[in-house]
Amino acid sequence: MVIDSHMHINSQVLENKDRFIQAINNNSLIDKVINVGLDLPSSKETIDIAQVNSKFYSAVGIHPLYTKPTNLNSLYDLASNEKVVAIGEIGLDNTKDNLEEQIKYLTEQILIANKLHLPVIIHSNNCNKLIISIFENYVKPQYGCIFHCFQPNLEDLAYLVNNGFYISFAGKITYKTAKKSLEVAREVPNNLFLVETDSPYISPEPVINEINETANIKYIISKLAEIKQTSFNDIAKITNENTRRLFRKIKL
Ligand SMILES: [Zn+2]
């Protein structure tokens with residue numbers, strides 16, 4: 001069975017979130033999903049959803065594009081909940097010119113993750129090098145780290161692998177333009193990659209014009225099976241084990 005390691009279902013991103021929740025609950029291929037918060041209200045909602053839907057787990061965090069003034073003590077309190085498996089998504093995004101503020105939120109949230117013994121989910125939009133230098137010079141995740149929807153680069157991959165950090169593949173790997181992603185997928189060790197939909201964003205081929213949902217994880221797994229020259233079930237099994245190793249609070 002498959003774990004979608006990164007998706008977004010909350011009222012901020014989806015009006016009809018209940019339909020998406022039911023679709024996941026009824027899908028026998030889907031083992032678990034990690035529903036990822038973007039700010040304090042959406043993070044709280046991921047916990048509310050996880051508490052009444054056993055397949056759902058939660059990640060709480062302030063996304064770099066949502067850094068309005070936020071009391072991070074409240075995030076600490078939310079993150080102590082039993083269904084919160086990670087701090088995320090956090091990181092840097094160079095489409096907005098407030099990098100200094102983003103760096104402050106990133107470093108403070110890594111400190112929270114380290115205090116609570118939680119892994120972090122990193123969003124990096126053209127900022128891999130800067131994030132790596134923050135890890136090396138300021139604060140490094142102590143309990144695991146994943147670069148979600150990894151922007152392909154073999155040099156950055158080598159750093160992550162050397163540190164036992166993970167990457168995840170999303171819909172982009174199915175695109176014809178994804179040559180670099182294919183290279184990274186071939187190189188990444190089998191114990192360090194996850195799959196995700198980033199639903200409702202980044203729909204894979206062949207449903208690229210539809211709203212993305214967790215069921216589409218099958219296209220991403222099929223593509224990885226092709227690249228790694230193995231079976232669908234093998235990729236599903238490997239990524240399920242990897243996800244549970246990284247997000248240790250996921251239960252049976
Ligand atoms: Zn996301």
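Tutor: Eight strands make up an open sheet, in the order S1-S2-S3-S4-S5-S6-S7-S8, and the pairing is parallel. Strands here are DSSP runs of E with at least two residues, helices are runs of H or I with at least four, and both are numbered from the N terminus. Two strands pair if DSSP finds at least two bridges between them. The edges are formed by strand S1 (2-7) and S8, each of which pairs on one side only. From one strand to the next the twist averages 25°. Angles run from 0 to 180 degrees between N-to-C directions, and axes are lines fitted to C-alpha atoms, for helices over the stretch in contact.

Two remarks on the source are needed before the details. The model is predicted: local features need pLDDT of at least 70, side-chain atom pairs count only at pLDDT 80 or more, and totals for chains, interfaces and linings use all residues. Residues are numbered from 1 along each chain as its sequence is written.

Consider strand S3 (residues 56-60) and its two partners. Strand S2 (residues 30-36) pairs with S3 in the parallel sense over four bridges, and the bridge partner of Asn35 in S3 is Ser58. With strand S4 (residues 84-93), S3 pairs in the parallel sense over three bridges; there Ala59 stands opposite Ala86 of S4. Five of the five residues of S3 are buried, so this strand is largely enclosed by the rest of the structure. A residue is buried if 20 or more other C-beta atoms lie within 10 Å of its own, exposed if 12 or fewer, and partly exposed in between, with C-beta atoms placed from the backbone. Both faces of S3 are covered, with Phe56, Ser58 and Val60 buried on one side and Tyr57 and Ala59 buried on the other.

Strand S4 also holds Glu89, and the peptide bond from Gly88 to Glu89 is cis, with omega near 5°.

Further along the sheet, S5 (120-125) and strand S6 (residues 145-147) pair in the parallel sense over three bridges. Val120 stands opposite Cys145 in S6. S6 and S7 pair in the parallel sense over two bridges, and Phe147 has Ile167 as its bridge partner in S7. Of the S7 residues, Tyr166 and Ser168 point one way while Ile167 and Phe169 point the other way, and all are buried.

Leaving aside residues up to four places away in sequence, Ile146 touches Pro119, Ile121, Ile122, Phe165, Tyr166, Ile167, Ser168, Leu194 and Leu246. Contact means that the C-beta atoms of two residues, placed from the backbone, lie within 7 Å.

His117 lies in the loop between helix H4 (99-115) and S5, and its phi is near 60°, a positive value in a residue other than glycine. With 11 C-beta neighbours inside 10 Å, His117 counts as exposed. Asn126 is placed in the loop between S5 and helix H5 (128-137); its phi is about 55°, again positive although Asn126 is not a glycine. Asn126 is exposed, with 11 other C-beta atoms within 10 Å.

At the S8 end, Pro200 lies in the loop between strand S8 (193-195) and H8. The peptide bond from Ser199 to Pro200 is cis, with omega near 5°.

H8 contributes Ile221, Ser222, Leu224 and Ala225 to the contact, and H9 contributes Phe232, Asp234, Ile235 and Ala236. These residues divide into six nonpolar, one polar and one charged. In that division, Ala, Val, Leu, Ile, Met, Phe, Trp, Tyr, Cys and Pro count as nonpolar, Asp, Glu, Lys and Arg as charged, and the others, Gly among them, as polar.
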